[in-house]
Amino acid sequence: MIKRVEKSQIRVANPSRLIYIASMNLTLSRNLTSLPMTIKPLNSRGRSIAKNSTVSMQAQRKLFNTWNEGQPVTLERIQDYFDCMKKAGYRVSSRKQAKTAIKGGILSAFPQIAKDRDLYLKLDSIFQKIATGKTQHKTTSEAFIKRDKIAEALDLTPDNVRLIARFVYATGCRISEALTIRVKNCKVSGQAVRVKIEGKGSKERELPPVPVSMFQEIKAAMRSAEYLFQNHNPRSKTGLFSREYIWQELTKAGRKAGFYFRPHFLRHSFASALLENGTPLPVVSDLLGHSDVTTTSRFYSHVTLNEKDLEAVRI
């Protein structure tokens with residue numbers, strides 16, 4: 001749910017400076033009073049943008065347009081917006097996301113900037129000076145939950161949510177990745193099932209092997225058709241469960257169990273459990289599908305997980 005910044009928190013900005021600024025030496029044909037909602041399929045580096053990111057950026061632009069109320073988009077106006085977001089309690093990560101969405105909206109409105117390297121670098125330099133706050137790149141201890149506590153919370157969830165959460169905890173994948181797994185990408189190999197997914201940036205990777213028993217239990221309970229976690233609710237147009245539904249149910253279960261619980265904590269706890277059982281960090285990084293794999297990670301990529309390692313993350 002998108003929160004709206006209250007009008008009482010809005011400061012009046014000086015609309016006299018247009019977004020182009022004299023230093024950019026660019027004359028725009030019209031004032032920019034709202035950001036376009038269309039999101040290009042590729043980012044500035046030519047990489048495809050994930051569907052979830054597209055939805056998020058559209059929501060951020062809509063929120064900005066609602067707050068802006070048709071005023072000319074100026075640097076002062078944008079900075080005021082981020083000040084308001086901070087006062088309203090938005091996290092730094094949300095403010096940074098909004099900054100990216102707003103910058104992308106300006107580029108969409110004035111494509112000549114993206115085509116001219118010098119102009120683009122100048123715009124980039126200007127946006128770097130817009131303060132959003134510093135992100136604390138640290139996962140708090142509450143994100144690492146022991147298996148018995150996870151099991152306690154999952155006992156308080158609907159059957160479909162429990163199966164999805166167990167799978168995420170057993171494989172370390174993202175909720176969005178689990179919800180879109182296709183049955184055709186699950187191959188039985190001996191007593192295990194190998195599952196291929198499409199992760200961030202449309203990168204394909206294979207998850208840690210899943211026991212055949214777990215796979216069969218999921219297929220039977222979910223009546224899997226096209227997707228492993230098939231949503232048979234008539235109101236579902238895609239046959240997929242939404243991330244919001246899983247988030248709501250797990251949050252509710254955590255509250256009943258007496259601790260703070262979020263879907264992504266399953267992924268953090270998966271990694272934590274493997275590391276505690278002696279799995280090398282580079283191997284865990286590879287299993288999580290992180291793109292910033294270092295040379296050291298590649299050096300240890302030949303290390304494989306044994307059955308004992310994986311037992312630590314199965315419920």
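Helices here are DSSP runs of H or I with at least four residues, strands are runs of E with at least two, and both are numbered from the N terminus. The model is predicted, so I note that local features need pLDDT of at least 70 and side-chain atom pairs pLDDT 80 or more, while totals for chains, interfaces and linings use all residues. Residues are numbered from 1 along each chain as its sequence is written, and side-chain values use heavy atoms, without hydrogens and water.

I checked the span of α1 (residues 51-68). At 1.5 Å a residue its 18 residues should span 26 Å, and the end C-alpha atoms are 26 Å apart, which agrees. The expected span is 1.5 Å times one less than the number of residues.

I turned to α12 (residues 281-288), where six of the eight residues are buried. Those are P282, V283, V284, S285, L287 and L288. Just after α12, G289 has a positive phi of about 75°.

Last, I looked at the strands. β1 (residues 186-189) pairs with β2 (residues 192-198) in the antiparallel sense over four bridges; a pair needs at least two bridges in DSSP. C186 stands opposite V195 in β2. The two strands form a hairpin with two residues between them, and G190 in the turn has a positive phi of about 70°.

Note on methods
Buried means under 20% relative accessible area, exposed over 50%, partly exposed in between (1.4 Å probe, protein chains only).
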